[in-house]
Amino acid sequence: MEIVIIGAGVIGLATAWRTAARGASVTLVDPDPASGASTVAAGMLTPVSELTYGEEALLRLGLASRARYPSFVAELEELTGRETGLRTDGVLQVAFDADDLAYLDDLRRFQESLGLAPETLTGREVRGQEPMLAPGVRGGLLVPEDGSIDPRRLAPALLAAAEKLGVRLVRRRADAVLVERDAAAGVRLDDGTRLPADRVLLAAGPWSSDIGGLPPGTVPAVRPVKGQVLRLRTRTPFLRRCTRGLVKGSSVYLVPRADGELVVGATQEEMGFDTRVTAGGLWELLRDARELVPGITELEFAEVTAGLRPGSPDNAPVLGPSALPNLVLGTGHFRNGILLAPVSADVLTEMLLDGTVPEQARPFTPDRFEVTA
Ligand code: FAD
């Protein structure tokens, strides 16, 4: 089976590795592999902490993916000899004022109604967990099973794993999907080269709707949602674990890594394909982070970056066969692409190689939209 994958972000990379492991002949097309949002992302694995009303199906997919992470990473690290910075030591959610606490209470009730069991902590208890938190922090929730990973280690490790299993990497842009007899038959590159394929996976993140050659409506409109992220550096441990905060209704998160990096994020802006970092974005992040952990202003500044989350019309991933036979879509992962990489790779591999749609993926197939590209 000859597979061509358009896009070597975390979704395309993980799927290339998994399909190659099952013996497929795989070509991965990307002018700039292991880049995109996959390297800006904070890497939180937080299906429970980020639970949102109306997204119960996404919760189930997220829980399934979180459960797969330890074995996924163990296999990846063994194959490549690279570390990915997986942490499974829980995520703390804290409330800055009384209104923020009321919101967290609501969230806890919703989590409990779905059988999830976060631990409720008083202000004193959250400060016991994280002594750097501001004295006024009202309370919080601890989700012991949520965690994080370092996407800047994960994406190159996935690329190394894919190449180790014989995936061919073509560092060019895919211009169009080739269509023959009303079915996808390969990919045309920007230099005119044609790569024939039995099946094509479109995993080009927020650029997925821009690929040529497709009948109108084949790909739902995937839009870029900008996120700015700040990276700081600490010499001594600053926070023990990933901490998400609500500060006067605005959310901010801080993700510590074992090497001293502290990621502070993230803005959420509908600005098209704009990846400029702005004074306002940076100010917003620092303002909220400083309210929560005042000592943050002492840390060394390392970097500020902006990336584009691929958002589908309902903000849920698009996983499954398109209306065009032999073209499978793996896009629209929005704010959860790192979390969802293991499960997405597994379901996309089944769709590409067996032509079946696993139960878990059914709520996310492209036919749920009245598609308009
Ligand atoms: P991308 O990573 O965007 O990769 C798409 C790839 O397609 C790129 O490499 C690009 O070069 C390539 N491409 C584009 N056009 C073409 C073409 N024509 N031909 C060939 N290749 C092409 N997720 C989490 O789970 N947890 C988090 O904590 C988290 N934090 C985030 C914070 C920020 C600020 C942002 C921006 C995102 C965050 N995300 C998080 C979301 C996550 O990063 C994305 O959902 C994920 O990276 C999407 O992966 P992808 O492979 O679909 O797309």
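Visitor: How much space lies in the second largest cavity?

Guide: This is a predicted model, and in it the second largest cavity holds about 30 Å³ of space.

Visitor: What lines it?

Guide: The lining of the second largest cavity is Arg-87, Asp-89, Gly-90, Gly-147, Ser-148, Arg-241, Cys-242 and Pro-256. By class, that makes two nonpolar, three polar and three charged residues.

Visitor: How many cavities of 30 Å³ or more are there?

Guide: The count is two. The largest cavity has about 90 Å³ of space.

Visitor: Which residues line the largest cavity?

Guide: One stretch of names runs Thr-46, Pro-47, Glu-50, Leu-51, Thr-52, Glu-55, Leu-58, Leu-59 and Gly-62, and the lining also includes Arg-335, Asn-336 and Leu-339. Five of the lining residues are nonpolar, four polar and three charged.

Visitor: Switching to the core. How many residues has the largest nonpolar core?

Guide: It has 50 residues. Those with the most contacts inside this core are Leu-13, Val-26, Tyr-69, Phe-72, Leu-154, Leu-158 and Met-351.

Visitor: Which helices and strands each supply at least two residues of it?

Guide: The strands β1 (2–6) and β2 (25–29) do, and so do the helices α1 (10–21), α2 (56–80), α5 (151–164) and α7 (341–354). The largest share, eight residues, comes from α7.

Visitor: Now α7. Why call it largely enclosed?

Guide: Because eleven of its 14 residues are buried, α7 is largely enclosed by the rest of the structure. Among the buried ones are Val-343, Val-347, Leu-348, Met-351, Leu-352 and Leu-353. Ser-344 and Thr-349 are buried as well.

Visitor: What covers those buried residues?

Guide: The cover includes the helices α1 and α2, along with the strands β1, β12 (199–202), β18 (318–321) and β19 (327–331).

Visitor: How far does α7 reach from its first C-alpha to its last?

Guide: The helix spans 19 Å, close to the 20 Å expected at 1.5 Å a residue.

Visitor: And what comes just after α7?

Guide: Gly-355, which takes a positive phi of about 70 degrees.

Conventions
Residues are numbered from 1 along each chain as its sequence is written. This is a predicted model: local features need pLDDT of at least 70, side-chain atom pairs count only at pLDDT 80 or more; totals for chains, interfaces and linings use all residues. Side-chain values use heavy atoms; hydrogens and water are left out. On a 1 Å grid over the protein atoms alone, a cavity is a set of points where a 1.4 Å probe fits but cannot get out, and a pocket is an open set with protein on both sides within 12 Å along at least five of seven lines; lining residues have an atom within 4 Å of a point. Grid points are joined across faces, edges and corners, and a volume is the space filled by probe spheres set on the points. Ala, Val, Leu, Ile, Met, Phe, Trp, Tyr, Cys and Pro count as nonpolar, Asp, Glu, Lys and Arg as charged, and the others, Gly among them, as polar. A nonpolar core is a set of buried Ala, Val, Leu, Ile, Met, Phe, Trp, Tyr and Cys residues joined through side-chain atoms within 4.5 Å. Buried means under 20% relative accessible area, exposed over 50%, partly exposed in between (1.4 Å probe, protein chains only). Helices (H or I, at least four residues) and strands (E, at least two) are DSSP runs, numbered from the N terminus. The expected span of a helix is 1.5 Å times one less than its number of residues. Contact means heavy atoms within 4.5 Å.
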